[in-house]
Amino acid sequence: MAGIFDTHTHFNDEIYKEKEFEALDMINEAKIVGVSHFCCVGFDIRSSKEASKYALKYPNVYAAVGIHPTDVIKFTIDDLEDIDTMAHGDKVVAIGEIGLDYYYTDEHKEVQKHFFKEQIKIAQRNDLAVMMHLRDKDNSDQAYLDALEILDELKVKRAIVHCYTRGYELAKKFTSRGYLISIPGVVTFKNAAPLHDAVEKLSLNEIIVETDAPYLTPEPKRGKLNVSKNIVYTVEKIASLKKVNKADVIEATSSNAMKIFKIA
C-alpha cells in the first residue's frame, strides 16, 4: 500500500515525548507500510511551532498551524499574530486545527466563533486550506451548522472536516460546497454505523484519510497509542465498505490531499 497521505497527525503531542516515541522512527515505520506523506497539525502556539519545525526537518512532512477551539480561551486575539507569522512558513499547507467544539460546553461559543473567523482569514490571506475540528453533543449538529454559516459568510473555498464521525446527510452539506471529509480510524469501529454509511455513499473524490495520532487508534490496534503506520487499517476498511481496491482508495485520497494542500 504505497503512497498513503496521513493528512492529520500529531508528532508534536506531548504524550510521544513522555513515552519516548521519536518522530523519525514513527515516520520511517509508516513509510515501510506505504505512508509517503504526513501533515503534522498544531493545536496551540507551541505545538504549531513544533509542527513547522518537523515540516522543515523531514521530507514529505507538512504542517498545519492554529489554535484548537477548546484552547482559544487561553489566548487573546493578539496571539494570532504568531499563527499569521507561521502561516508564511515553508511547507505550511493549512490553518488548523481550528473550529468549533460544543461537546463539553457551549459556554465559550462566541469566543470560539470569533477565533474561528479570524483564523480562517489568516488561511485566506496566505492561500492555505482550512482544517476544521468540529465536535458537538451526540444529539446535536449545531457546531457543524454554525461552522457552515461561517464558511459561507467568509466564502471559504478550501476546507477539510477533520476526524469526521457522523452520517452521510451532514457530510453532504460540506461536500456540496467542495469541502473534503477526513476519515479517521473510527471507521474501523463496529459501532460506527453512521460513518460506515457516509463512507459507502460519499465519492472517493470527497474524502481523505488521517490517523489523528496519537488518538483514535483503529482496530485491531485499539487500546494502544496511535501512530501513523496504523492508517493502513483505515484504508483497508474504506476499501471494504466501498467495495473497491485499496490502491484506488490510496490514489484518490492522496490526490485529493495534494490538491487541497496545493502540493505540487
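1. Start at Arg158. A polar atom of the Arg158 side chain lies 2.4 Å from the backbone oxygen of Ile260. Keep in mind that this is a predicted model. Arg158 sits in the loop between helix H6 (142-153) and strand E6 (159-161).

2. Is Arg158 buried or exposed? Arg158 has a relative accessible area of 16%. The cut-off for buried is under 20%, so Arg158 counts as buried.

3. Arg166 is found between E6 and H7. Its relative accessibility is 15%, so Arg166 counts as buried. Which side chain does the Arg166 side chain meet in a polar contact? The partner is Asp141, at 2.6 Å. The backbone oxygen of Ser140 also lies 2.9 Å from a polar atom of the Arg166 side chain.

4. Neighbours within four places in sequence are set aside here. Arg166 is then in contact with Asp136, Lys137, Asp138, Ser140, Asp141 and Tyr144, among others. Pro194, Leu195 and Ala198 are in contact with Arg166 too. Val199 is 33 residues from Arg166 along the chain, and their C-alpha atoms are separated by 10.0 Å.

5. Thr188 has 11% relative accessibility, so it counts as buried. Its side chain reaches the backbone nitrogen of Glu219 at 2.8 Å. Beyond four places in sequence, Thr188 touches Pro218, Glu219, Tyr233, Thr234 and Lys237.

6. Next comes Ala171, in helix H7 (residues 168-175). Ala171 is buried, with a relative accessible area of 0%. Which residues does Ala171 contact, leaving aside neighbours within four places in sequence? They are Tyr164, Ile181 and Leu202.

7. Turn to the nonpolar cores. The largest has 78 residues. Which residues have the most contacts inside this core? They are Phe116 and Phe174. Phe174 touches Met132, Leu134, Tyr144, Leu148, Leu151, Val161, Tyr179 and Ile181, with residues up to four places away in sequence not counted. There is also a second, separate core of 16 residues. Phe5, Tyr62, Ala94 and Ala129 are included in this second core.

8. Finally, find the largest pocket. Its volume is about 760 Å³. The pocket is lined by 29 residues. Closest to its centre are His133, Arg135, Cys163, Thr165 and Leu216. Which elements give two or more residues to the lining? They are strand E5 (129-135) and helix H8 (193-201). By class, the lining has 13 nonpolar, 7 polar and 9 charged residues.

Technical notes
Residues are numbered from 1 along each chain as its sequence is written. This is a predicted model: local features need pLDDT of at least 70, side-chain atom pairs count only at pLDDT 80 or more; totals for chains, interfaces and linings use all residues. Side-chain values use heavy atoms; hydrogens and water are left out. A nonpolar core is a set of buried Ala, Val, Leu, Ile, Met, Phe, Trp, Tyr and Cys residues joined through side-chain atoms within 4.5 Å. Buried means under 20% relative accessible area, exposed over 50%, partly exposed in between (1.4 Å probe, protein chains only). Contact means heavy atoms within 4.5 Å. On a 1 Å grid over the protein atoms alone, a cavity is a set of points where a 1.4 Å probe fits but cannot get out, and a pocket is an open set with protein on both sides within 12 Å along at least five of seven lines; lining residues have an atom within 4 Å of a point. Grid points are joined across faces, edges and corners, and a volume is the space filled by probe spheres set on the points. Helices (H or I, at least four residues) and strands (E, at least two) are DSSP runs, numbered from the N terminus. Ala, Val, Leu, Ile, Met, Phe, Trp, Tyr, Cys and Pro count as nonpolar, Asp, Glu, Lys and Arg as charged, and the others, Gly among them, as polar. A polar contact is a pair of N or O atoms within 3.5 Å; within protein, one must be able to donate a hydrogen and the other to accept it, and residues adjacent in sequence count only if both atoms are side-chain atoms.
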